[in-house]
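Have the viewer open and try each task before reading on.

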Amino acid sequence: MPKALLDFMGFAFFFWSNEEKRMHIHVCKGTPRPNATKFWITPDEISLAYNDGSISEQDLNKIEKYIYANRETIITRWVKYFGM
């Protein structure tokens with residue numbers, strides 16, 4: 001599972017290999033896992049797919065802004081890693 005972005009506020013941002021084709025990013029503290037909080041990524045929008053319950057609403061808002069500010073990097077890394 002490759003890192004998608006640099007850590008932010010102690011959270012890791014990563015792709016989970018071969019999970020599904022729709023572009024998304026996982027977020028968690030500690031060991032990355034497939035059921036970590038997930039955000040859908042499109043060129044125009046970032047949306048929360050689900051939260052595993054460990055991230056507060058306040059932190060989710062900050063994380064979403066961080067992802068949005070770095071969405072082009074995420075998209076580029078997704079395409080490079082998955083070839084899509």
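Two strands pair if DSSP finds at least two bridges between them; strands (E, at least two residues) and helices (H or I, at least four) are DSSP runs, numbered from the N terminus. This is a predicted model, in which local features need pLDDT of at least 70, side-chain atom pairs count only at pLDDT 80 or more, and totals for chains, interfaces and linings use all residues. Residues are numbered from 1 along each chain as its sequence is written, and side-chain values use heavy atoms, with hydrogens and water left out.

**Exercise 1.** Find the bridge partner of leucine 5 in β2.

*Solution.* Start with the pairing: β1 and β2 (residues 11–14) run antiparallel over three bridges.

**Exercise 2.** Work out the strand order of the open sheet and name its edge strands.

*Solution.* The five strands follow the order β1-β2-β3-β4-β5, with antiparallel pairing. The edges are β1 (3–8) and β5 (46–50), each of which pairs on one side only.

**Exercise 3.** Classify the ring pair of tryptophan 78 and phenylalanine 82.

*Solution.* Rings of Phe, Tyr and Trp (its six-membered ring) pair if their centres lie within 6.5 Å; planes under 30 degrees apart are stacked, over 60 edge-to-face, the rest tilted. This rule gives seven aromatic pairs. For tryptophan 78 and phenylalanine 82, the centres are 4.2 Å apart and the planes at 45 degrees, so the pair is tilted. Next, tyrosine 81 and phenylalanine 82 are edge-to-face, at 4.8 Å centre to centre and 90 degrees between planes. Finally, ring pairs link Phe15, Trp78, Tyr81 and Phe82 into a cluster.
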